[in-house]
Amino acid sequence: MRNIYPALAKAYEANGNMTLAYAYLDTASVAKDSLARQRNILYLSGAQHKMEASRHMAEMQKKEAELGKQKLIRNFYIAGLVLVLALLFFVYRNYSNQRLANRRLKEAQVQLVRSEKMAAFGAIASHVAHEIQNPLNFVNNFSEISEDLVEEIISTPSADVRSETGMLLKENLSRIVHHGKRVADIVKQLQEYSRMCGTLLLKDKKKNE
């Protein structure tokens, strides 16, 4: 219409019909303006569409960036949690190993102390046995001698000999009593020491438990 109406206007102008020529020129102008408006509308519509598309794209990119950020934060927290769990596992394992080592060391120390105590007790028992054996030897020897003295008193008719032998027998009996008391004292001391050791062992056992 933009091209046809000006041509018709020229044709009528050439024929001298100025009325129709002006009419077609006005129509061509209106068509030209209408076409320009349509182009402007299309341009504006396209520009608006592009703006909407750009805005939509920007929003999509923003959402993707936000999702990426959230994913990164989530992965960071997961990695941190895994790291903390790993550290806790290693700490717990080291603690368990250390605790087991301490318990074994404590058991070894207790066993060593017991061995030392048993060795000390054995040494003391040997010493006590030696201490007891000495007075017992005196008791046995004087007892045998006293038996011979009694036989001599019985078989001797002389009063002087019996009196002298009786004095010897009395001395032997005094020695037997003396060494017997010595043995009794040693046994008493051993009993007291045994009770003391038993009390100490009981305390050590309760302490270790």
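Q: In which helix does Asn172 lie, and how is a helix defined here?
A: Helices are DSSP runs of H or I with at least four residues, strands are runs of E with at least two, and both are numbered from the N terminus. Asn172 lies in helix 3, which covers residues 159–208. The model is predicted: local features need pLDDT of at least 70, side-chain atom pairs count only at pLDDT 80 or more, and totals for chains, interfaces and linings use all residues. Residues are numbered from 1 along each chain as its sequence is written, and side-chain values use heavy atoms, with hydrogens and water left out.

Q: Is Asn172 buried or exposed?
A: Buried means under 20% relative accessible area, exposed means over 50%, and partly exposed is in between (1.4 Å probe, protein chains only). Asn172 has a relative accessible area of 6%, so Asn172 is buried.

Q: Which residues does Asn172 touch?
A: A contact means heavy atoms within 4.5 Å. Leaving aside residues up to four places away in sequence, Asn172 touches Phe142, Ile145, Ser146 and Leu149.

Q: Where is His179, and what does His179 touch?
A: His179 is also placed in helix 3. With 10% relative accessibility, His179 counts as buried. Not counting residues up to four places away in sequence, the contacts of His179 are Pro135, Phe138, Val139 and Phe142.

Q: How many helices and strands does the protein chain have?
A: The protein chain has 3 helices and 0 strands, and the order from the N terminus on is α-α-α.

Q: Why is the protein chain described as more spread out than a compact globule?
A: The radius of gyration is taken over C-alpha atoms, and the globule rule is 2.2 Å times the number of residues to the power 0.38. For 209 residues that rule gives 17 Å, whereas the protein chain has a radius of gyration of 65 Å, well over that value, so it is more spread out than a compact globule. The C-alpha trace spans about 210 × 15 × 15 Å along its principal axes. Of the 209 residues, 11% are buried.

Q: How many salt bridges does the search find?
A: Side chains of opposite charge can pair when their charged atoms come close. A salt bridge is a side-chain nitrogen of Lys or Arg within 4 Å of a carboxyl oxygen of Asp or Glu. The search of the whole structure finds 1 salt bridge. Glu52 forms a salt bridge with Arg55, with the closest N and O atoms 2.4 Å apart. Glu52 and Arg55 are 3 residues apart in helix 2, so about one helical turn separates them. Glu52 is partly exposed at 35% relative accessible area, and Arg55 is partly exposed at 47%.

Q: How many aromatic pairs are there?
A: Rings of Phe, Tyr and Trp (its six-membered ring) pair if their centres lie within 6.5 Å; planes under 30 degrees apart count as stacked, over 60 as edge-to-face and the rest as tilted. By this rule there are 3 aromatic pairs. In one of them, the ring centres of Phe76 and Tyr77 are 6.1 Å apart and the planes are at 65°, so the pair is edge-to-face. Phe76 is exposed at 61% relative accessibility, and Tyr77 is exposed at 59%. The rings of Phe89 and Phe90 have centres 5.7 Å apart and planes at 65°, so this pair is edge-to-face. Phe89 is partly exposed at 48% relative accessibility, and Phe90 is partly exposed at 40%.
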